[in-house]
Amino acid sequence: MSDRLTALLDDAGGPPRLLLDAAAYAQHVILQDRAVPWHDATAFSNHLSSIQSLLGSEIVLIRLDDMLAEELETNSVLVEAMSAKTRKGFALRALLRDEALRAAVRALVHTATETQRSPVIIQLPSPKALLLSADAAADPDGGHEIDDDDVENAAVYCADWIRGFASVGIGGIIFDERTHRSPVEAYQPIANTTGHYGVLLGHRHDEVLTFDHGAEVPVAAPDVFTGAEAVGHVRVLFAEIPAETVPETVLERLTEMRDGLHVS
C-alpha cells in the first residue's frame, strides 16, 4: 500500500491531489455530532466510506489520535489501570498495552484497509504529546518533568503498539508535531518498525507534512475553506476542513482546487 501512497505523493503529472483531514467536519456533518464508532469496525469503515463519497480525498485518514484522546476521557477502567503506579511513563505503557484497545484498533484499521479504495494513513500524537496526555489523565496533579530520554522511551512503547496494525496494509503513519515536538532521535524505533513493514513515516507540522522518503506536502490554512485564504497552483495539498464549515462552501472550494485554479 505504501507504493500507492508514494506514487500519489511523488507523481508530478495528473490533476492536483488533495489529502484531507475531514474528521471533525465529518463528525459534525455526517454523524450529526454523534460519537465516532471507534469500537465498531464495520460502522467506522462505513463512516469512512461516507466521507470518501462526499469529499473524495486521495487518502483515507484515520485519526487514531482522536480515538486515544476519547479513551483517556471516557474509559474510566483503563485510566484507573493507568493510575496503578505513579512513575513516569507507566500510564502510557499501560494505555498502549491494554489488550481491548489493541484489539479494537487492529480490527478498525484492518477493516478500513480492506474496504477503502484509497491508501489509508493513520495519524497519531507525537510520542511526547502522548506521554504527556497519558500522564495527565492518570494523575492530573502529578506534574512530571519530561525530558528527551522519557520521550525516547515513549517512542519505544509507540513502536511496539504500531506493530499491532502496521502489517494490515496501511500506507503511512503520521505523527502530529504541532503542539509537542519530539526529538528526531526519538523516532528511530518507530522508523525501524515502519521500515520493516514498508509503511511511510510522516510528521505533521503547521505548514508542511513531511515523509521519511523525502516528500513534502504543503498544508493549507483552515481559512482556505472559508474564502479568506488563497492557495496557488500545487500538485499535492494537505488540508483540514473545520467542523463548522458550510457544506456547500466545502464542495465549491474542493472543486476549485481540483480544477487547478487559484482559490481566493
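Predicted model: local features only at pLDDT ≥ 70, side-chain atom pairs only at ≥ 80, totals over all residues.

Colleague: OK, what volume does the largest pocket have?

Modeller: The largest pocket comes out at about 330 Å³.

Colleague: And how many residues line the largest pocket?

Modeller: Its lining has 23 residues. Nearest the centre of the largest pocket you'll find A22, A23, A24, R63 and D66.

Colleague: Which helices and strands supply at least two residues each to that lining?

Modeller: For the largest pocket, those are the strands β1 (17-21) and β2 (60-63), plus the helices α2 (23-29), α3 (41-55) and α4 (64-74).

Colleague: Which one gives the most to the largest pocket?

Modeller: That's α3, with six residues in the lining.

Colleague: What about the classes of residue lining the largest pocket?

Modeller: There are 14 nonpolar residues, five charged and four polar in that lining.

Colleague: Switching topic: what's the volume of the second largest pocket?

Modeller: About 190 Å³ for the second largest pocket.

Colleague: Which residues lie nearest its centre?

Modeller: In the second largest pocket, D65, A69, P125, A129 and S133 do, out of 13 lining residues.

Colleague: Which elements supply at least two residues each there?

Modeller: For the second largest pocket, α4 and α8 (127-138) do. The biggest share is from α4, which gives five residues.

Colleague: Last one: how do the lining residues of the second largest pocket divide by class?

Modeller: Six are nonpolar, four are charged and three are polar in the second largest pocket.

Notes
Residues numbered from 1 in each chain as written. Heavy atoms only, no water. 1 Å grid on protein atoms, 1.4 Å probe; cavity = no way out; pocket = protein on both sides within 12 Å on 5 of 7 lines; lining within 4 Å. Points joined across faces, edges and corners; volume = space filled by probe spheres on them. Helix = DSSP H or I, 4+ residues; strand = E, 2+ residues; numbered from the N terminus. Nonpolar A, V, L, I, M, F, W, Y, C, P; charged D, E, K, R; others polar.
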